[in-house]
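Please open the model in a viewer and keep the selection panel at hand.

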Amino acid sequence: MFFWSPVCATLEAFPLQNNFLLWLKHYQTHFTQTNINTYPLGIQAVGIVANMVAAWHMDVTGKRVPMAILACLLQIVVGSMLVVPSLSFTGTFFAFYLAGTAYMVNPLIFGWANVILQRSGDDAVRSVTLFAMNIGSMVLWTFWGIIFYSATDTPYWKKGSIALIVCSVVMFGYIWLVYKV
């Protein structure tokens, strides 16, 4: 479980690193300062809705795998779009807003881990594991953004887009592994 959390956190890279804001600032001749300040908020709105819909779906159906697969597929689409350097403004907006759906991994991984660890009945192990998962994600962000989503790469994060696609595929493997356990 500990290593699953950082891999899932990599799916949140574009919205978490706020690359859209950097992209908007790079093309500031096309956008007003008000646009630059407010357009990125839409990504967070998409993230909130995706988080709530995913949590609702998992609670109602008791199934986590469909939401996990959906999260991976959506981020593969985002990475595939943003790896194209000549993507139109409309396409870039769509890709960055779609990246907000990555936040759906939070109820997925922490809820799933909680359910799996409840089976043992040891609340201390469950608490420590969930804490370690959270720390694993935070440690990842001490270097991940610097390597793959550097501000110096603005407006095109090729390394980050490729990393997103690769990590989405790795998450598919983790989904299968956790589902089988």
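Begin by selecting helix H3 (residues 19–26), whose buried residues are Asn19, Phe20, Trp23 and Leu24. These residues lie on the same side of H3, because they cover an arc of only 140 degrees around the axis; the arc is that of the directions from the helix axis to the C-beta atoms. Helices are DSSP runs (H or I, at least four residues), numbered from the N terminus. Buried means under 20% relative accessible area, exposed over 50%, and partly exposed in between (1.4 Å probe, protein chains only).

The model is predicted: local features need pLDDT of at least 70, side-chain atom pairs count only at pLDDT 80 or more, and totals for chains, interfaces and linings use all residues. Residues are numbered from 1 along each chain as its sequence is written, and side-chain values use heavy atoms, with hydrogens and water left out.

Next, display helix H2 (13–17), helix H4 (33–38), helix H5 (41–61) and helix H7 (89–99), against which the buried residues of H3 pack (contact: heavy atoms within 4.5 Å).

**The salt bridges**

Two salt bridges are present in the structure (side-chain nitrogen of Lys or Arg within 4 Å of a carboxyl oxygen of Asp or Glu).

Select Arg126 and Asp123, whose side chains form a salt bridge at 3.6 Å, N to O. Both belong to helix H9 (residues 123–140), three residues apart, about one turn of the helix. Arg126 is buried at 18% relative accessible area, whereas Asp123 is partly exposed at 48%.

Finally, select Lys159 and Asp153, joined by a salt bridge at 3.7 Å, N to O. Lys159 is partly exposed, with 44% relative accessibility; Asp153, at 24%, is partly exposed.

Key. Helix = DSSP H or I, 4+ residues; strand = E, 2+ residues; numbered from the N terminus.
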